[in-house]
Amino acid sequence: MAGMPAAPAVPAPRPSVARRVSAWMHAHPRFRLGLLLLLPLLWLVVIYLGSLGVLFLNAFWSRDPFTSLVVREFTLDNFKTLLTTDVYRTVTIRTVTMALLVTLTCIILAYPIAYYMARVASPRVRGIMVVAVVMPLWASYLIKAYSWRLILADEGVIDWLLKPLGLSTPGYGDLAVWIVFVYLWLPYMILPIFAGLERIPSSLLEASADLGGKGWMTFRRVIFPLTIPAIAAGSIFTFSLTLGDYIVPGLVSTTQFIGNVIFVNVAQNLPLAAAYSLVPLAIMLIYLFIVRRFGAFDAL
Amino acid sequence: MNSGRAARVGLRLATALVLAFVYLPLTIVVLYAFNKSGTNAWPPSGFTLEWFSAALDNSGLQQAFFTSVMCAIGATIIALVLGCLISLAVSRYQWFGRDSISFVILLPIALPGIVTGMALSTTFSSLSVPLGILTVIVGHATFCIVLVYNNAIARLRRTARSYEEASADLGAHVFQTFRYVTFPSLRSALFAGALLAFALSFDEVIVTIFTAGGVKTLPIWIFQSFRLANQVPLVNVAGLVAILLSVIPVYIATRISSEAVSGRT
């Protein structure tokens, strides 16, 4: 290359602002991280956790019975009221029982279909069924609850079907609330169990068969234990959503659940409502703590 | 898989029953939207499209529909930005509190809706923030972040960091790397997350009631019309629209994510 003329010395182009900022940022990963985190943390920690904190504070305030204004002085009166009034205790127990019952029913109904999707259906059918289960999950919550109001009504489908048999619709009430909750939250249980079943490597099942495990034995000793984290994950939704719902009980029954009592109290006595909403919050935190031990968070 | 014949038939039957349980109620609402008589007595008396034109003429319903669309768009944009930022921070950096933040992101949907609703409404009233579309958007965005985050983080975990390193080695600066390398591989996941966020926001009622003040979103309009006998046919039509507007985005979203998944394996 000796014969080639020497390239004229071109001064290096002045780096653009973006490049200089970038070079500096490249050298300071902490700054980049801070930039990424600034807005999300502001939102989640300041706005969201902050409002949970405000809710918590309000629970220790009280309402002046004459002016109806919130008195910002520390008091435990709300909690005393909640603990000593029978209604609140009954409603809490009723709601938790309903949430557990709904969760259990969802597990029983979800397992077979999830099993069919994951281990029996052909890949094509599986794909179609996943979509078939996901879609109703997202179809308007309110309309799904409302559809049961229509179905269970006095002149509804069930009544029409049962009339020839001399029966009538069970109507609105606790049974209706149970059915509607199960109906609404079922896909939340099917999807994690399906994912959990799909993750089990076939080699484990073959190993179980080689060791003499019959179908039922393999299911009970191998498959089911491996899907417990998935069931726990699904149960977070079925349990939590039931615990805080006030729409469904209002639509298909006249029974009061935690949500209804809170909702009614918001306008009348905000600090008491705030204190009572700490109850589902506390129950849910305990629940999350328990299911975490079953590996629920890894199966979400 | 060694399941007995009887077990197989039983499974098939159970699956069919559960699917029927899931779909029949939705079908019934759809049928009622075309019911000639304006009541909800079964069976429907005949076919009509009259309620659709009535719904189009109802200004309250229209207003509620557009309010819902606006809230959903606002919440989706915020969730998209925040979810994308935080998924990058979680997948590409090590930091103190990283595990707890994924828990905090999940909290708004893991906690009962009434807790989130109460917390926000108590805070807004303590700070004297007037309730309205903006407060609804704040509430919706809070629980929509997780949808974008989940989609984005799943994608980021599958894409190798080495592409980004290669891009930097080839002289791209931080923003170019994001624009030409990270973002294109994230795009469809973000789109899927945004569709889910839109659908969830469009549909939400529990938190919305607490943060809306006098504003009526479509679900609030439906909720308040349940008990009005003369609104029954309109509620059915609005219900059909609400079902379609949450189901269609989700259908597209599942198609996108399943294509992305199968394209990679």
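Reader: Which residues lie nearest the centre of the second largest pocket?

Author: In this predicted model, the second largest pocket has a lining of 25 residues. Both chain A and chain B supply helices to that lining. Nearest the centre lie A:R32, B:Y93, B:V174, B:T177 and B:F178.

Reader: Which helices of chain B each supply at least two residues of the lining of the second largest pocket?

Author: From chain A, the helices that do so are α1 (17-27) and α2 (29-58). Those of chain B are α3 (59-92), α7 (162-169) and α8 (174-203).

Reader: How many residues of the lining of the second largest pocket are charged?

Author: The pocket has a volume of about 790 Å³. Its lining includes 13 nonpolar and 6 polar residues. The number of charged residues is 6.

Reader: How many residues does chain B bring to the contact with chain A?

Author: The contact takes residues from both chains, with 88 from chain A. The number from chain B is 87.

Reader: Which three residues supply more of the area that chain B buries against chain A than any other three?

Author: The area buried between the two chains is about 8,000 Å², and carbon and sulfur atoms give 80% of this area. Of the part that chain B buries, 8% comes from three residues. They are B:F21, B:Y93 and B:F226. B:Y93 was also named among the residues nearest the centre of the second largest pocket.

Reader: Which helix gives the largest share of the side of chain B that touches chain A?

Author: The residues on this side of chain B divide into 66 nonpolar, 17 polar and 4 charged. The largest share, 15 residues, comes from a helix spanning residues 5-32. That helix is α1 of chain B.

Reader: How many salt bridges does the rule find across the interface of chain B and chain A?

Author: Between the two chains there are 13 residue pairs in polar contact. Over all chains, the structure holds 5 salt bridges. Across the interface of chain B and chain A, however, the number is 0.

Reader: How many helices does chain B have?

Author: The C-alpha trace of chain B spans about 70 × 65 × 30 Å along its principal axes. The secondary structure of this chain includes 0 strands. The number of helices is 11.

Note on methods
Residues are numbered from 1 along each chain as its sequence is written. Chains are lettered from A and ligands numbered from 1 in the order in which they are written. This is a predicted model: local features need pLDDT of at least 70, side-chain atom pairs count only at pLDDT 80 or more; totals for chains, interfaces and linings use all residues. Side-chain values use heavy atoms; hydrogens and water are left out. Contact means heavy atoms within 4.5 Å. Buried area is the accessible area (1.4 Å probe) that two parts lose on being put together, summed over both. A salt bridge is a side-chain nitrogen of Lys or Arg within 4 Å of a carboxyl oxygen of Asp or Glu. A polar contact is a pair of N or O atoms within 3.5 Å; within protein, one must be able to donate a hydrogen and the other to accept it, and residues adjacent in sequence count only if both atoms are side-chain atoms. Helices (H or I, at least four residues) and strands (E, at least two) are DSSP runs, numbered from the N terminus. Ala, Val, Leu, Ile, Met, Phe, Trp, Tyr, Cys and Pro count as nonpolar, Asp, Glu, Lys and Arg as charged, and the others, Gly among them, as polar. On a 1 Å grid over the protein atoms alone, a cavity is a set of points where a 1.4 Å probe fits but cannot get out, and a pocket is an open set with protein on both sides within 12 Å along at least five of seven lines; lining residues have an atom within 4 Å of a point. Grid points are joined across faces, edges and corners, and a volume is the space filled by probe spheres set on the points.
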